[in-house]
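Please look through the model below with an eye to how its parts are held together. The paragraphs that follow go from the terms to the overall fold, and then to individual residues.

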Amino acid sequence: MDGLTALKELRLSVLTDREGEVVRAVARGLSNAGIGRELAMSEGTVKAHVSRALAKLNLANRVQMALLVSDAGLT
């Protein structure tokens, strides 16, 4: 693992385990409804996790989130 990948993993470490699951599902291209089905949670709960993760990671959108997760090798 190179230093940049390690930094991206460290950046993602601020997420709770559940937020991390949701973020990885976003990176795989799942919709909120799809994530909810996969992780057995309501769509509203998924939206809340996505919003909190975006704020914690200082990202503007799901595309940036997916790129960060992919670049960290966590997809």
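A residue is called buried when its relative accessible area is under 20%, exposed when it is over 50%, and partly exposed in between, with a 1.4 Å probe and protein chains only. This is a predicted model, in which local features need pLDDT of at least 70 and side-chain atom pairs count only at pLDDT 80 or more, while totals for chains, interfaces and linings use all residues. Residues are numbered from 1 along each chain as its sequence is written, and side-chain values use heavy atoms, with hydrogens and water left out.

We begin with the chain as a whole. Its secondary structure consists of five helices and zero strands, where helices (H or I, at least four residues) and strands (E, at least two) are DSSP runs numbered from the N terminus. The order of elements from the N terminus is therefore simply α-α-α-α-α. The radius of gyration, taken over C-alpha atoms and compared with a globule rule of 2.2 Å times the number of residues to the power 0.38, is 12 Å for this chain, which agrees with the value near 11 Å that a compact globule of 75 residues would have. Along the principal axes, the C-alpha atoms fill a box of roughly 35 × 20 × 20 Å. Of the 75 residues, 37% count as buried. If a contact means heavy atoms within 4.5 Å, then 58% of the contacts in the chain with a separation of 6 or more are between residues 24 or more positions apart.

Just after α3, Ala40 takes a positive phi of about 55°.

Helix α2 contributes Ala25, which at 1% relative accessibility counts as buried. Turning to helix α4 (residues 43–57), we find His49, which is buried with a relative accessible area of 10%. Residues up to four places away not counted, His49 touches Arg18, Glu19, Val22 and Met41. The C-alpha atoms of Ala25 and His49, which are 24 residues apart along the chain, are separated by 11 Å.

Two of the residues touched by His49, Arg18 and Glu19, also take part in salt bridges. A salt bridge here is a side-chain nitrogen of Lys or Arg within 4 Å of a carboxyl oxygen of Asp or Glu, and the structure holds four of them. What separates Glu21 from Arg18 along helix α2? The two are three residues apart in that helix, and are therefore separated by about one helical turn. In general, an α-helix has 3.6 residues a turn, so residues three or four places apart point the same way. The side chains of Glu21 and Arg18 meet at 2.8 Å, N to O; Glu21 is partly exposed at 30% relative accessible area, and Arg18 is also partly exposed, at 30%.

The side chains of Glu19 and Arg52 meet in another salt bridge, at 3.3 Å, N to O. Because Glu19 lies in helix α2 and Arg52 in helix α4, this pair ties together parts that are 33 residues apart in sequence. Glu19 counts as buried at 2% relative accessibility, whereas Arg52 is partly exposed at 39%. Glu19 and Arg52 are linked with Lys56 in a network of salt bridges.

Ser70 is placed in helix α5 and is partly exposed, with a relative accessible area of 40%. Ser70 and Arg28 are 42 residues apart in sequence, and their C-alpha atoms are 9.0 Å apart in space.
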